[in-house]
Amino acid sequence: MPAPERIPPRSLTSAELLAKGELTVLGRIREASNAVLYCSVAYGDDSAECVYKPVAGERPLWDFPDGTLAQREVAAYEVSQATGWDLVPPTVLRDGPYGEGMVQLWIEPVEGDSGLLALVDDEEPAEGWKAVALAEVGEGRTALLVHADDVRLRRLAVLDAVINNGDRKGGHLLPASGGRLYGIDHGVTFNVDDKLRTLLWGWAGEPLTSEAVGALKGLAEALRPREPLAVRLGGLITAAEVAAVRERVAALLEAGVHPAPSGEWPAIPWPPV
């Protein structure tokens, strides 16, 4: 009698693997301001590399409650998924070797797709680029900071406006294989006060694309009380912060344009990389 056919184990989604797998710390990313650990995660035949940011390794911030940055990173992933743009790598909140923390799929940047930001000596951006601001480059000289007029960046600019991202630096943009672009490091997000600080101001005041309007309308529905996204966010950020997300989405739809700097908060993160 022939042996029964072996059914291969079902492959987990990246989020399931991150949530269920065994975490093994491989090293530490020392240039980060908070504790960031490079890890492997494995469950059965599935494995991947990931980043683990334990809550215990978060440095206190004056304008955010202590021990909440990991939850905000997961909330940013949830909102990104709800837009349908998949701009944030799979991210979960779970226990790990050093306690509860954020675990995010490791994205290996690809070479040859780094032309997203630049400093130029021209007074106006070239075709295909958007002006951000003049920047001091030393010895009393200034240069124009520009970013690419890239649909991937434009989607991130909309996401940042929704989640109120206070730290969109150049180093937080990860070009990936297949032409994908991810944004990472979303710990300082979802504040009820206007904290938007970014290098992606090039579309300020310009009309939102029809794609962005559609994504925002979908978010507005998904953020209604008792909807699954609203419930998940309610377990990660405060009720006031969830309400502020709803208000920002509504304001973007009413205005119909990309936001401009408020003037009440530094518009560009420092350092910008």
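Guide: On a 1 Å grid over the protein atoms alone, a cavity is a set of points where a 1.4 Å probe fits but cannot get out, and lining residues have an atom within 4 Å of a point. The structure above is a predicted model, in which local features need pLDDT of at least 70 and side-chain atom pairs count only at pLDDT 80 or more, while totals for chains, interfaces and linings use all residues. Residues are numbered from 1 along each chain as its sequence is written, and side-chain values use heavy atoms, with hydrogens and water left out.

Visitor: Which residues line the largest cavity?

Guide: Ala157, Asp160, Leu196, Thr198, Leu200, Trp201, Trp203, Ala204, His258 and Pro259 line the largest cavity, and each is listed because it has an atom within 4 Å of one of the cavity's points. The space itself comes to about 90 Å³, a volume being what is filled by probe spheres set on grid points that are joined across faces, edges and corners.

Visitor: What makes residues of the lining of the largest cavity nonpolar, polar or charged?

Guide: Ala, Val, Leu, Ile, Met, Phe, Trp, Tyr, Cys and Pro count as nonpolar, Asp, Glu, Lys and Arg as charged, and the others, Gly among them, as polar. By that rule the largest cavity has 7 nonpolar, 2 polar and 1 charged residues in its lining, whereas the second largest cavity has 8 nonpolar, 1 polar and no charged residues.

Visitor: Which helix gives the most to the lining of the second largest cavity?

Guide: Helix α4 does, with 4 residues; here helices (H or I, at least four residues) and strands (E, at least two) are DSSP runs, numbered from the N terminus. Both α3 (151–163) and α4 (210–222) supply at least two residues of this lining, and the space has a volume of about 30 Å³.

Visitor: Why is another space called a pocket, and what volume does the largest pocket have?

Guide: A pocket is an open set of points with protein on both sides within 12 Å along at least five of seven lines, so the name marks a space that is open. About 1100 Å³ lies in the largest pocket, which is lined by 42 residues, with Ala32, Ser33, Lys53, His172 and Asp185 nearest its centre. The lining is made up of 22 nonpolar, 9 polar and 11 charged residues, and β3 (46–54), α2 (69–83) and β5 (99–105) each supply at least two of its residues.

Visitor: How do you know that β2 and β3 pair, and how many bridges join them?

Guide: Strands pair if DSSP finds at least two bridges between them; strand β2 (residues 37–43) is joined to β3 by 7 bridges, so by that rule the two are paired, and they run antiparallel. Within this pairing Ser40 stands opposite Glu49, and the bridge partner of Val41 is Ala48. The two strands form a hairpin with 2 residues between them, and Gly44 in the turn has a positive phi of about 60°.

Visitor: What makes β1 and β4 edge strands, and what is the order of the sheet?

Guide: The open sheet has 5 strands in the order β1-β2-β3-β5-β4, paired antiparallel, and β1 (22–28) and β4 (91–96) stand at its edges, since each pairs on one side only. From one strand to the next the twist averages 40°, and helix α2 packs on this sheet, touching β3, β4 and β5 (contact means heavy atoms within 4.5 Å). The direction of α2 makes about 150° with that of β4, where axes are lines fitted to C-alpha atoms, for helices over the stretch in contact, and angles run from 0 to 180 degrees between N-to-C directions.
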